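This report describes a protein chain from its overall make-up down to single residues.

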Amino acid sequence: MTPATLRGTFKHAFILLVTLFAFIALSPQPAKAQTADTVSTNDVEFTDIQTPADSIAAAKKNLVKADTTKKTATITATTPAAGKADSNESLWQLFIIGFVGGFAAFLLPCVYPMLPLTVSFFTKRGGSRASAIWQSCLYGLSIIFIYVVFGLLITIIFGPAALNGLATNGVFNFFFFLMLIVFGASFLGAFEITLPSSLANKMDANSDKGGLAGIFFMAATLVVVSFSCTGPAIGGVLSSAFTKGDRLGPAVVMFGFSLAIALPFTIFAMFPSALKSLPKSGGWLNSVKVILGFIEIAFALKFLSNVDLAYHWNLIDREVVLSLWIAIGILMSLYLIGKIKFSHDSDVTHLTVPRTFIAMGMFAFTVYMIPGLWGAPLKAISALLPPLSTQDFDISGGGSAAPATALLSTETKKYEELFKRLPKVKGLDDWYDYDQAIEVAKKVHKPILIDFTGWNCVNCREMEQNVMPNPEVLKLLQNEFVMLQLVIDDKTELPAAEQYKSTATGKNITTIGGKWLDFEISKYQTNAQPYYVIINEKGETLVQPPQGASDIKTFKAYLESGIAAYKK
């Protein structure tokens with residue numbers, strides 16, 4: 001096959017990949033409809049509405065209006081940038097997760113030993129160094145192409161909109177829990193997960209063909225043969241893509257994964273002499289496999305906790321997960337220093353420097369988690385743990401209730417018993433029903449901050465840990481707002497009389513979470529969490545919601561603009 005033919009074939013493959021990306025990126029996503037309240041300076045027109053009793057002097061009105069307009073415009077101007085930044089940040093996080101997972105998969109016994117064999121093949125087959133480099137680049141691109149197409153097919157099969165729902169779906173979370181447990185057991189040596197040998201033989205036979213087709217099937221053979229090692233790693237990184245709910249998430253995480261695997265084959269084919277500096281295959285590859293097995297089992301508990309919270313099983317509390325993670329951390333630490341081993345492991349005669357540093361880090365992380373059993377916040381991993389409200393013993397104690405609704409303490413909060421385990425910010429007094437919050441706001445004459453949240457919302461936990469507890473923000477929330485938390489992924493069934501068919505999505509609404517999600521979609525044309533809206537007693541939106549307001553400065557400015565709009 002001539003170089004011109006190779007380039008032509010690669011061009012067609014590239015066009016196919018770009019087409020798949022475009023199809024998914026541009027396809028409609030009903031669950032995230034376009035926001036009706038577009039961002040513009042017109043959003044501040046609500047400040048011109050006056051009550052009949054308003055007799056403020058014209059000069060003072062203009063001054064207040066200008067000040068309010070300035071504050072609101074500041075928030076709305078940052079909204080699109082913040083939302084776009086969050087989306088980009090999410091995809092970059094997925095790429096990094098995929099790349100790290102791919103690098104870990106490269107160090108597994110099914111992949112790493114193939115590096116010198118593959119490099120030697122291209123060096124001998126290519127004849128000249130330039131030809132060997134060209135063919136190795138095609139080999140690496142073929143690996144990337146196979147994995148990325150796999151990621152795109154996942155999005156096409158499930159549908160772009162469905163990826164968001166899967167993140168909070170109980171069946172999905174329980175499936176991933178079981179899958180990661182099985183994959184973790186496989187890495188620990190209980191059994192091997194392999195694709196049918198006939199498929200591997202067929203790919204290997206096609207790899208004997210010349211030209212680009214032969215190189216592509218060589219890459220496909222690597223993917224198939226190494227599946228017993230890479231399959232569990234792929235499951236781990238894909239689970240992160242699903243929890244993010246981004247339509248391009250599976251493709252991006254697979255791109256990072258495949259890039260980490262493909263790069264070494266390409267680079268060492270360019271510089272084959274560098275192979276001499278690499279450590280030889282040996283027992284340490286099994287150690288990498290075992291460590292990844294422990295990590296996957298620990299990560300599986302996150303998905304089981306999601307199901308437990310959404311369905312109110314009340315079994316997987318925070319201290320349960322922490323206890324299991326600490327036990328896993330101790331086992332990993334002992335394994336790293338050679339005190340325990342599995343049947344397929346070789347003896348650890350001495351500790352290498354890298355192994356020593358990794359063992360130190362694992363010991364330190366395990367010690368870090370121990371205070372969490374008595375209520376320490378553990379901010380570094382708080383988003384991955386069940387909420388602190390699920391813990392039976394909290395030595396840090398509770399916080400003071402917000403004075404804004406303290407006068408109404410005699411009222412019974414609707415759904416209060418149901419959401420006792422819901423993550424809370426200490427010092428805030430939350431309500432959980434929209435109509436009840438409206439009545440409270442009428443009595444205390446304060447605006448309502450709606451917090452669309454979820455049991456399994458990782459970004460919600462970050463806001464509750466890092467932004468809302470800030471003294472300045474907390475003071476505003478306590479004194480100036482009626483706090484309303486609407487949980488969109490709760491699976492508690494509504495009474496038969498309250499069930500209905502959504503006019504926005506056409507679905508039957510049968511659960512509390514479904515009710516609030518439908519309210520968010522129909523009223524605000526979004527299904528994002530966390531999502532914050534400031535309204536008055538009539539349910540009217542006062543200022544444009546600050547999508548992506550994940551920093552203290554932006555969120556505080558949004559609250560202040562809402563207060564100014566309400567007083568106006």
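## Two loop residues with positive phi

Q525 sits in the loop that runs between α17 (512-524) and β6 (531-535). The model is a predicted one, and in it Q525 has a positive phi of about 55° although it is not a glycine. The relative accessibility of Q525 is 18%. Since buried means under 20% relative accessible area, Q525 counts as buried.

H445 also has a positive phi, about 55°, and is likewise not a glycine. H445 lies in the loop between α14 (434-444) and β2 (448-453). With a relative accessible area of 55%, H445 is exposed, the cut-off for exposed being over 50%.

## The chain as a whole

The chain contains 18 helices and six strands. Of its 568 residues, 49% are buried. The accessible surface of the chain comes to about 26,700 Å², and carbon and sulfur atoms account for 65% of that surface. Among contacts between residues at least 6 apart in sequence, 76% join residues that are at least 24 apart.

## Helices α6 and α11

How do α6 and α11 lie relative to each other, roughly parallel or roughly antiparallel? The axes of α6 (residues 170-187) and α11 (residues 283-310) come within 8 Å and cross at roughly 165°. That angle makes α6 roughly antiparallel to α11, because angles over 145 degrees count as roughly antiparallel. The crossing of α6 past α11 is left-handed. In the contact of α6 with α11 there are 16 nonpolar, six polar and two charged residues.

F176 belongs to helix α6. The relative accessible area of F176 is 5%, so F176 is buried. The C-alpha atom of F176 is separated by 8.5 Å from that of L304, and these two residues are 128 residues apart along the chain.

F299 is part of helix α11. At 24% relative accessibility, F299 counts as partly exposed.

## Helices α12 and α13

Helix α12 (residues 318-336) packs against helix α13 (residues 353-369) at an angle of about 160°, and their axes are 9 Å apart. At this angle α12 is roughly antiparallel to α13. The crossing of α12 and α13 is left-handed.

Which residues make the contact of α12 with α13? From α12 they are L322, W325, I326, G329, I330, M332, S333, Y335 and L336. From α13 they are R355, I358, A359, M362, F363, T366 and M369. By class, the contact of α12 with α13 has twelve nonpolar, three polar and one charged residues.

## Accessibility of the single residues

The table lists the residues discussed above by relative accessible area.

| Residue | Relative accessible area | Class |
|---|---|---|
| F176 | 5% | buried |
| Q525 | 18% | buried |
| F299 | 24% | partly exposed |
| H445 | 55% | exposed |

Notes: Residues are numbered from 1 along each chain as its sequence is written. This is a predicted model: local features need pLDDT of at least 70, side-chain atom pairs count only at pLDDT 80 or more; totals for chains, interfaces and linings use all residues. Side-chain values use heavy atoms; hydrogens and water are left out. Axes are lines fitted to C-alpha atoms, for helices over the stretch in contact, and angles run from 0 to 180 degrees between N-to-C directions. Helices (H or I, at least four residues) and strands (E, at least two) are DSSP runs, numbered from the N terminus. Angles under 35 degrees count as roughly parallel, over 145 as roughly antiparallel, 65 to 115 as roughly perpendicular and the rest as oblique. A crossing is left-handed if the near helix is turned anticlockwise from the far one by less than a right angle, and right-handed if clockwise. Ala, Val, Leu, Ile, Met, Phe, Trp, Tyr, Cys and Pro count as nonpolar, Asp, Glu, Lys and Arg as charged, and the others, Gly among them, as polar. Contact means heavy atoms within 4.5 Å. Buried means under 20% relative accessible area, exposed over 50%, partly exposed in between (1.4 Å probe, protein chains only). Accessible areas come from the Shrake-Rupley method with a 1.4 Å probe; for residues, only the protein chains shown count as cover.
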